Amino acid sequence: MVPDVIPQTIATIDGQLVNPFTVKATDGVFRVDTIAHALSNLCRYNGHTERFYSVAEHCLLVQLVVDVRATGLGLTPEQRAMLSFEALVHDAVEAYLGDIPAPFKKMPEFAAYRQAEARLSSELRKWFGLAGDEPELVRQIDVEIRGTERHWLMPESLALTSWTTAPVIDGIECGTMAPQEAGEAWLQRFYELRPDWNDGAQNTQHEKDIE
């Protein structure tokens with residue numbers, strides 16, 4: 001019988017074995033194209049959607065809404081770009097830890113996952129050159145967009161139930177991108193926001209944290 005031995009590592013598409021519980025920003029492990037690939041193949045809502053909807057596409061839509069909302073905040077172009085970048089990478093941790101539905105993640109049984117997620121998120125933020133916590137506007141849109149996602153992706157019997165409290169955001173549709181398309185679009189937007197990015201460099205914060 002083959003022994004049931006499961007090491008605390010995952011095999012990533014770039015050929016690495018990564019321990020998401022101990023990896024650090026300075027280890028030289030993280031790769032932008034690896035993150036894009038994984039996020040584009042992860043389906044939100046545990047796959048219970050009427051069409052495929054990747055985490056990568058979700059991040060792109062959150063970024064789009066954040067950018068629109070930021071236009072009226074009196075920000076500089078640099079501050080607005082930083083907010084867009086924060087939105088684009090806000091779920092990057094899921095490339096290494098996977099996506100767990102929010103109702104489960106909040107349960108006591110998932111305390112260890114939340115701790116691992118917080119630690120890995122901190123390391124990824126250092127690697128991305130981001131200081132402080134995720135901006136409030138990004139967190140707000142990440143929650144608000146669920147109403148739009150449920151409208152486009154859930155059966156009508158679920159999409160219109162009382163647990164859907166967020167309004168539908170005009171001008172966006174969810175579940176329109178195949179995995180490869182979403183991954184390529186995520187990467188393209190990443191390099192538009194960070195044209196001088198180098199995976200191997202120790203990135204530093206170049207804008208103050210935006211609240």
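Predicted model: local features only at pLDDT ≥ 70, side-chain atom pairs only at ≥ 80, totals over all residues.

In H2, the residues Ala-56, Glu-57, Cys-59, Leu-60 and Gln-63 meet Ala-182, Ala-185, Trp-186 and Arg-189 of H9. By class, this contact of H2 with H9 comprises six nonpolar, one polar and two charged residues.

**Packing of H2 with H9**
- Helix H2 spans residues 55-70 and helix H9 spans residues 179-193; their axes come within 8 Å and cross at roughly 40°.
- Angles under 35 degrees would count as roughly parallel; H2 and H9 are therefore oblique to each other.
- The crossing in which H2 passes H9 is left-handed.

**Packing of H1 with H9**
- Helix H1, residues 32-41, packs with H9 at an angle of about 140°, and the two axes are 8 Å apart.
- Only angles over 145 degrees count as roughly antiparallel, so H1 and H9 are oblique to each other.
- H1 passes H9 in a right-handed crossing.
- On the H1 side, the contact involves Val-32, Asp-33, Ile-35, Ala-36, Leu-39, Ser-40 and Asn-41.
- The class count for the contact of H1 with H9 is ten nonpolar, three polar and one charged.

**Packing of H3 with H9**
- The axes of helix H3, residues 77-88, and H9 come within 10 Å and cross at roughly 150°.
- With the cut-off for roughly antiparallel set at over 145 degrees, H3 is therefore roughly antiparallel to H9.
- H3 and H9 make a left-handed crossing.
- Ala-81, Ser-84, Phe-85 and Leu-88 of H3 make the contact with Trp-186, Arg-189, Phe-190 and Leu-193 of H9.
- Six nonpolar residues, one polar residue and one charged residue form the contact of H3 with H9.

**The largest pocket**
- The largest pocket holds about 1200 Å³ of space.
- The pocket is lined by 39 residues, of which Asp-91, Lys-105, Glu-117, Asp-142 and Arg-146 are the closest to its centre.
- Helix H5 (102-105), helix H6 (111-128) and helix H7 (136-153) are the elements that give two or more residues to the lining of the largest pocket.
- H6 gives the most to this lining, with nine residues.
- By class, the lining of the largest pocket has 17 charged, 16 nonpolar and six polar residues.

Note on methods: Residues numbered from 1 in each chain as written. Heavy atoms only, no water. Axes fitted to C-alpha atoms, helices over the stretch in contact; angles between N-to-C directions. Helix = DSSP H or I, 4+ residues; strand = E, 2+ residues; numbered from the N terminus. Parallel < 35°, antiparallel > 145°, perpendicular 65-115°, else oblique. Left-handed = near helix turned anticlockwise from the far one by under 90°. Contact = heavy atoms within 4.5 Å. Nonpolar A, V, L, I, M, F, W, Y, C, P; charged D, E, K, R; others polar. 1 Å grid on protein atoms, 1.4 Å probe; cavity = no way out; pocket = protein on both sides within 12 Å on 5 of 7 lines; lining within 4 Å. Points joined across faces, edges and corners; volume = space filled by probe spheres on them.
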